[in-house]
Amino acid sequence: MKFKLLLAGFLLFSFQNFFAQETVIDSVQHKQMQIEKEKALEKERLEQQLQQEKAALKEEKEREKTEKEREKAEKEREKAEKEREKADKKREKAEKEKERAEKKLANAQKDIEKDRNKLEKAHKDLDKMRAKLDKGISKGKLSPVEIEKANVDITKQQLKIKEIEEDIEKSQRKLNKLR
């Protein structure tokens with residue numbers, strides 16, 4: 001009998017499970033599950049968006065960094081160009097100064113040469129005046145007024161020679177100063 005009771009209990013239990021209603025998920029639970037799924041999807045979508053934003057930000061930073069490096073290289077190139085132009089101008093200025101100094105030196109030498117030629121010509125003129133005076137005195141054709149006049153001319157010529165010699169000295173000092 002125990003066996004029959006056990007068999008009947010087992011059958012009852014089996015039928016109960018077999019004919020039992022399907023377990024219905026509570027609508028609240030169902031909605032919570034949907035909300036959780038939506039939250040999970042939203043969280044995943046936000047994470048992807050965050051990753052995309054991070055990638056875009058990183059790309060933007062890289063682009064800015066590249067732009068800054070390009071600008072820096074451009075500035076350095078411009079700076080080098082300016083320094084080269086400045087050096088060229090400085091070199092040209094030095095060349096012009098050298099040319100001017102050479103011209104001044106050449107002009108000073110020409111001035112000295114001209115003054116020496118003037119001095120030589122003035123000495124020749126003085127010698128001619130003296131020779132003419134001596135010739136006129138020896139022939140006795142000159143009056144005392146003419147002799148005095150000739151002496152004044154000789155004195156003037158001697159003053160002219162002194163002035164030329166002073167000019168030569170000035171030119172010589174100028175030339176020495178330029179050297």
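These are my notebook entries on charged residues and a few of their neighbours in this structure.

**Entry 1. Basis.** I worked from a predicted model. I looked up the salt bridges and found a count of eleven.

**Entry 2. Glu 42 and Arg 45.** I looked up the pair Glu 42 and Arg 45 and found a salt bridge, with the closest N and O atoms 2.2 Å apart. Both residues lie in helix H2, three residues apart, about one turn of the helix. I noted Glu 42 as partly exposed, because its relative accessible area is 35%. Arg 45 is also partly exposed, at 42% relative accessibility.

**Entry 3. Glu 67 and Arg 70.** Glu 67 forms a salt bridge with Arg 70, and I recorded 2.3 Å between the closest N and O atoms. Helix H2 holds both residues, three positions apart, about one turn of the helix. Glu 67 is partly exposed, with a relative accessible area of 33%; Arg 70 counts as partly exposed at 47%.

**Entry 4. Glu 95 and Arg 91.** I found a salt bridge between Glu 95 and Arg 91, whose closest N and O atoms are 3.2 Å apart. The two residues are four apart in helix H2, about one turn of the helix. I then followed the shared partners: salt bridges join Glu 81, Arg 84, Asp 88, Arg 91 and Glu 95 into one network. Glu 95 has 39% relative accessibility and so counts as partly exposed, and Arg 91 has 43% and is likewise partly exposed.

**Entry 5. Asp 115.** I asked which side chain of opposite charge is nearest to Asp 115. It is Lys 118, at 4.5 Å. Asp 115 belongs to helix H2, which spans residues 27-139. Leaving aside residues up to four places away in sequence, I listed its contacts as Ile 164, Asp 167, Ile 168 and Ser 171.

**Entry 6. Negative patch.** I looked for gathered charge on the surface and found a negative patch made of Glu 163, Glu 166, Asp 167 and Glu 169. Asp 167 of this patch is also among the contacts of Asp 115. Glu 163 sits in helix H3, residues 144-178, and counts as exposed because its relative accessibility is 51%.

**Entry 7. Leu 41.** I located Leu 41 in helix H2. Leu 41 is exposed, at 57% relative accessibility.

Definitions and conventions. Residues are numbered from 1 along each chain as its sequence is written. This is a predicted model: local features need pLDDT of at least 70, side-chain atom pairs count only at pLDDT 80 or more; totals for chains, interfaces and linings use all residues. Side-chain values use heavy atoms; hydrogens and water are left out. Buried means under 20% relative accessible area, exposed over 50%, partly exposed in between (1.4 Å probe, protein chains only). Lys and Arg count as positive and Asp and Glu as negative; His and the chain ends are not counted. A salt bridge is a side-chain nitrogen of Lys or Arg within 4 Å of a carboxyl oxygen of Asp or Glu. Contact means heavy atoms within 4.5 Å. Patches are made of residues with over 30% relative accessible area and no salt bridge: like charges are joined within 9 Å, nonpolar side chains (Val, Leu, Ile, Met, Phe, Trp, Tyr) within 5 Å. Accessible areas come from the Shrake-Rupley method with a 1.4 Å probe; for residues, only the protein chains shown count as cover. The place of a charge is taken as NZ of Lys, CZ of Arg, CG of Asp or CD of Glu.
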